[in-house]
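Subject: Handover of a structure and summary of findings

Dear colleague,

With this message I hand over the structure on which I have been working. Please look through it first; a summary of what was found follows below.

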Amino acid sequence: MNTAGGMTGGDMTTTEVTVEEGARVTVTTPGSERIYRALSGNAVMNQRLRVDRGGRLDWLPQETILFNRGRLARRTEVDLQEGAVATIVESILLGRAAMGET
């Protein structure tokens with residue numbers, strides 16, 4: 001799963017993952033997500049993660065890169081049932097100008 005070419009103001013994605021009882025699932029992305037300059041509004045990313053009883057989810061996407069004037073509203077909801085386990089990584093990088101690179 002991936003937002004491919006990137007997102008900007010007004011774009012929206014929703015990802016839902018359900019790990020069934022006793023199952024093990026790893027979710028990742030083939031490349032970094034990019035949030036580009038928004039002329040208006042936010043790029044919106046919603047994730048709903050559910051792990052049923054005794055299941056395990058490893059949510060390990062590559063980093064999200066925020067570019068100058070990019071606007072992102074991200075919401076991640078996690079529902080863990082009894083005995084379920086989740087490892088969740090969400091890393092954010094700032095675009096080159098924000099990092100002081102020339």
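A residue counts as buried when its relative accessible area is under 20%, as exposed when that value is over 50%, and as partly exposed in between. Please keep in mind throughout that this is a predicted model.

I begin with Asp52, to which that definition applies directly. Asp52 has a relative accessible area of 17%, and because this is under 20%, the residue is buried. Its place is in the loop between strands β4 (43-51) and β5 (56-59). Once neighbours within four places in sequence are set aside, the residues in contact with Asp52 are Thr18, Val19, Glu20, Glu21, Gln81 and Ala84.

Which residue does the side chain of Asp52 meet in a salt bridge? The partner is Arg50, with an N to O distance of 2.6 Å. The two side chains also make a polar contact at 2.6 Å. Arg50, at 32% relative accessibility, is partly exposed, whereas Asp52 is buried.

Between β4 and β7, the parallel pairing extends over nine bridges.

Another open sheet of three strands has the order β3-β6-β9, again with parallel pairing. Here β3 (33-35) and β9 (92-94) stand at the edges, and since each has a single partner strand, one side of each lacks a neighbour in the sheet. The twist from one strand to the next averages 25°. Strand β3 runs parallel to β6 (residues 64-66), to which three bridges join it. Within this pair, Glu33 stands opposite Thr64 in β6.

I turn now to the salt bridges. How many does a search of the whole structure find? The search finds eight, and the bridge between Asp52 and Arg50 described above is a salt bridge of this kind.

A further salt bridge is formed by Glu16 and Arg48, whose closest N and O atoms are 2.9 Å apart. This pair links distant parts of the chain, with Glu16 in strand β1 and Arg48 in strand β4, 32 residues apart. Glu16 counts as exposed, at 57% relative accessibility, while Arg48 counts as partly exposed, at 36%.

Arg74 and Glu90 also form a salt bridge, and their closest N and O atoms are 2.7 Å apart. This pair likewise links distant parts of the chain: Arg74 lies in strand β7 and Glu90 in the loop between β8 (85-88) and β9, 16 residues apart. Both residues are partly exposed, Arg74 with a relative accessible area of 26% and Glu90 with one of 33%. Salt bridges with shared partners join Glu33, Arg74 and Glu90 into one network.

With kind regards

Methods:
Residues are numbered from 1 along each chain as its sequence is written. This is a predicted model: local features need pLDDT of at least 70, side-chain atom pairs count only at pLDDT 80 or more; totals for chains, interfaces and linings use all residues. Side-chain values use heavy atoms; hydrogens and water are left out. Helices (H or I, at least four residues) and strands (E, at least two) are DSSP runs, numbered from the N terminus. A polar contact is a pair of N or O atoms within 3.5 Å; within protein, one must be able to donate a hydrogen and the other to accept it, and residues adjacent in sequence count only if both atoms are side-chain atoms. Contact means heavy atoms within 4.5 Å. Two strands pair if DSSP finds at least two bridges between them. Axes are lines fitted to C-alpha atoms, for helices over the stretch in contact, and angles run from 0 to 180 degrees between N-to-C directions. A salt bridge is a side-chain nitrogen of Lys or Arg within 4 Å of a carboxyl oxygen of Asp or Glu. Buried means under 20% relative accessible area, exposed over 50%, partly exposed in between (1.4 Å probe, protein chains only).
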